[in-house]
Amino acid sequence: MADQRVKIGDSDLEVFPLVLGGNTFGWTSDEATSRKVLDSYVEAGGNFIDTADVYSAWAPGNAGGESEIILGRWLAVRGHRDQVVIATKVSEHPQYKGLTHDNVIAAANESLLRLGVDTIDLYYAHFDDKSTPLEETAAAFDELVKAGKIRAIGLSNYTADRIEEWFSIAREHGYALPVALEPHYNLVTRGNYERTLAPVAARENLAVFPYFSLAAGFLTGKYRSAADAEGKARQGMVADYLNTDGFAVVDALDAVAKAHGVAIATVALAWLRHRPQVAGPIASVRTPEQLPALLDSVDLNLTDDEIAALDKASEPFAK
């Protein structure tokens, strides 16, 4: 596996161009399996793990913070802290909703405790909180940087206008500027990112880490018809793609995958890696056996013709 570390914007953080998503830890992956996934990822050269304080409050019996706790215990046992970059997020934990100053500070302190670390490398505002003045939120994040509790700031699920407003406020007050953007972006979800977010990301040199990179599993090729999704846990999440346009994208991925002798998911992630401003897609797995196909994307360089074919097949999703 080639060492292809990339910088996160203007920060001094350098990361592997495939981000391991931590949303499965404590949800579809128990702690033992989660540790095996983490071990396999790091052994393959990976160093960037993305989680959130809300993971996985939606699962029965969970309260939120389970992913951070599992990650923290793994760090304590393995002693890998200096080898990995940890990203987590604030605004959605049931006990720490929103982005008021006091909530951001309290939630960060709780995440630090769960992770068992002194500093969070990249701290995201997970979802915009329109009920809180942006000045208040930006000030809280800057306070955390100055206190050494976070190294860098990221924004997730923000509109282009709100990202620009955050930068304007930060420059006016001399606050630390965001360096990363985490948007919903993949071959079957292109329009909003490419039209509105990509230009801002380019202007402000934001490193982009797309989530739902594989469209809830649709871009792995496991659904070749609507019937394939019947009764599946993710049926509702892939419903918008179970049509002629969606299956055309999978067919195009399949053709490229066969030409390279790799999995369809490998090609879908490689396409994202070739997009402007994208530093690395985020992808999660339930078991270590699912990792190799994702890791292969780091070394897969698509030709111009292959990229053009994928672009064309996914044009209906770029509107």
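Predicted model: local features only at pLDDT ≥ 70, side-chain atom pairs only at ≥ 80, totals over all residues.
Residues are numbered from 1 along each chain as its sequence is written, and side-chain values use heavy atoms, without hydrogens and water. Local features need pLDDT of at least 70 and side-chain atom pairs count only at pLDDT 80 or more, whereas totals for chains, interfaces and linings use all residues.

The chain contains 12 helices and 12 strands. These are DSSP runs numbered from the N terminus (helices, H or I, at least four residues; strands, E, at least two). The radius of gyration is 19 Å, close to the 20 Å of the globule rule for 319 residues, so the chain is as compact as a globular protein of that length. The radius is taken over C-alpha atoms, and the rule is 2.2 Å times the number of residues to the power 0.38. Along the principal axes, the C-alpha atoms fill a box of roughly 50 × 40 × 40 Å. Buried residues account for 55% of the 319 residues. Buried means under 20% relative accessible area, exposed over 50%, and partly exposed in between (1.4 Å probe, protein chains only). Of the contacts between residues at least 6 apart in sequence, 76% join residues at least 24 apart. A contact requires heavy atoms within 4.5 Å.

Eight strands form an open sheet with parallel pairing, in the order β11-β10-β9-β8-β5-β4-β3-β12. Two strands pair if DSSP finds at least two bridges between them. The edge strands, β11 and β12 (282-283), each pair on one side only. Strands β10 and β11 run parallel and are joined by two bridges. A180 stands opposite A207 in β11.

Aromatic pairs involve rings of Phe, Tyr and Trp (its six-membered ring) with centres within 6.5 Å; planes under 30 degrees apart count as stacked, over 60 as edge-to-face and the rest as tilted. The count comes to 13 aromatic pairs. One of them, Y185 with W271, is tilted, at 5.8 Å centre to centre and 50 degrees between the planes. This pair links distant parts of the chain, 86 residues apart: Y185 lies in the loop between β10 (180-182) and α6 (191-203), and W271 in helix α10 (residues 264-273). Y185 is buried at 1% relative accessibility. W271 is buried at 0%.

The rings of F218 and Y241 are also tilted, with centres 5.4 Å apart and planes at 45 degrees. F218 sits in the loop between β11 (207-208) and α7 (226-229), and Y241 in the loop between α8 (235-238) and α9 (244-260), so the pair ties together parts 23 residues apart in sequence. F218 is buried at 0% relative accessibility, and Y241 is buried at 9%. Ring pairs also link Y123, F141, Y158 and W166 into a cluster.
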